[in-house]
Amino acid sequence: MNPLVLIDKYYPEENNLKHILLVHSRSVTDKALAMARNHPELHLDEQFIAEAAMLHDIGIFKTDADAIDCYGTFPYICHGYLGAELVRNEGFLRHALVCERHTGAGISLSDIINQQLPLPHREMLPLSLEEQIICFADKFFSKTKLNVEKSIEKARKSVVRYGEEGGMRFDRWCELFL
């Protein structure tokens, strides 16, 4: 599959939002692939990583995030499951799981309920190693400071706002993927 075909379908105009999505997604893809290549013992599916990392944020246009030119109606935290719905409807079920499970360091059902997050009540934790490495790579790049890689400390800080469970997952990923 060619992820750019789907991106062009949902982002048909050449505008700042599409630029942000493409630059951010390429940064995440490059980091995830570099980590995968540094760990051949994990036998990761690099083709899938390349495709899914490019699509992980496809749902952002449906959210309200002025800083990145998103003028949808949903809170930004919803972009993962919204993107998953788009990708699932296109027939790419495995790719959709990456979209749904990459927010924060993944979000557990208990965190969704306890924090009253506006998300469907289900586990949204990355399970496969490919899901995990994409989620982890994503933590190092924002959409407001394109091409600037965060330090490990700043990346970790960005995930603990969804709960310390995310920080512990992040720490495990540092051991596994760095």
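Predicted model: local features only at pLDDT ≥ 70, side-chain atom pairs only at ≥ 80, totals over all residues.
I began with the charged side chains and found Asp8, Glu14 and Lys18 joined in a network of salt bridges. My cut-off for a salt bridge is a side-chain nitrogen of Lys or Arg within 4 Å of a carboxyl oxygen of Asp or Glu. Residues are numbered from 1 along each chain as its sequence is written, and side-chain values use heavy atoms, with hydrogens and water left out.

**Salt bridges**

I looked up the Lys18 to Glu14 pair, and its closest N and O atoms are 2.9 Å apart. Which of the two is buried and which is exposed? Lys18 counts as buried at 3% relative accessibility, whereas Glu14 is exposed at 67%. For these labels I use under 20% relative accessible area for buried, over 50% for exposed and partly exposed in between, with a 1.4 Å probe and protein chains only.

Next I checked Arg101, which forms a salt bridge with Glu131, the closest N and O atoms being 3.0 Å apart. Arg101 sits in helix α5 (residues 93-101) and Glu131 in helix α7 (residues 129-138), so this pair ties together parts that are 30 residues apart in sequence. Helices here are DSSP runs (H or I, at least four residues), strands are E runs of at least two, and both are numbered from the N terminus. Arg101 is buried, with a relative accessible area of 15%, and Glu131 is buried too, at 6%.

I also noted Asp138 and Lys139, whose side chains meet in a salt bridge at 3.1 Å, N to O. Asp138 and Lys139 are both buried. A search of the whole structure gave me 15 salt bridges.

**Helix α7 and the cores**

How many of the 10 residues of α7 are buried? I get nine, so I'd call this helix mostly covered. Among the buried ones are Glu130, Gln132, Ile133, Cys135 and Phe136. The buried residues of α7 pack against α2, α3, α5 and α9. I count a contact when heavy atoms are within 4.5 Å.

Then I went for the largest nonpolar core, which has 26 residues; Ile49, Ile133, Ile134, Phe136, Phe170 and Phe177 have the most contacts inside it. The elements giving two or more residues to this core are α2 (16-38), α3 (46-55), α7, α8 and α9.

**α8 against α9**

At what angle do α8 and α9 pack? I read about 145°, with the axes 7 Å apart. The axes are lines fitted to C-alpha atoms, for helices over the stretch in contact, and angles run from 0 to 180 degrees between N-to-C directions. The contact is made by Ile152, Ala155, Arg156, Val159 and Val160 of α8 and, on the α9 side, by residues including Glu164, Met168, Phe170 and Cys174.

Arg161 lies in the loop between α8 (152-160) and α9 (164-177). Arg161 counts as exposed at 61% relative accessibility.

**Other loops**

I found Thr144 in the loop between α7 and α8, exposed at 55%. The C-alpha atoms of Thr144 and Ile20 are 124 residues apart along the chain but separated by 8.1 Å. Leaving out neighbours within four places in sequence, Thr144 is in contact with Ala67 and Ile68.

Last, phi. Most residues other than glycine have a negative phi. I marked His43, with a positive phi near 55°, in the loop between α2 and α3. His43 counts as exposed at 68%. Asp69 also has a positive phi, of about 60°, and I placed Asp69 in the loop between β1 (64-65) and β2 (70-71). At 26%, Asp69 counts as partly exposed.

Technical notes:
Core = buried A, V, L, I, M, F, W, Y, C linked by side-chain atoms within 4.5 Å.
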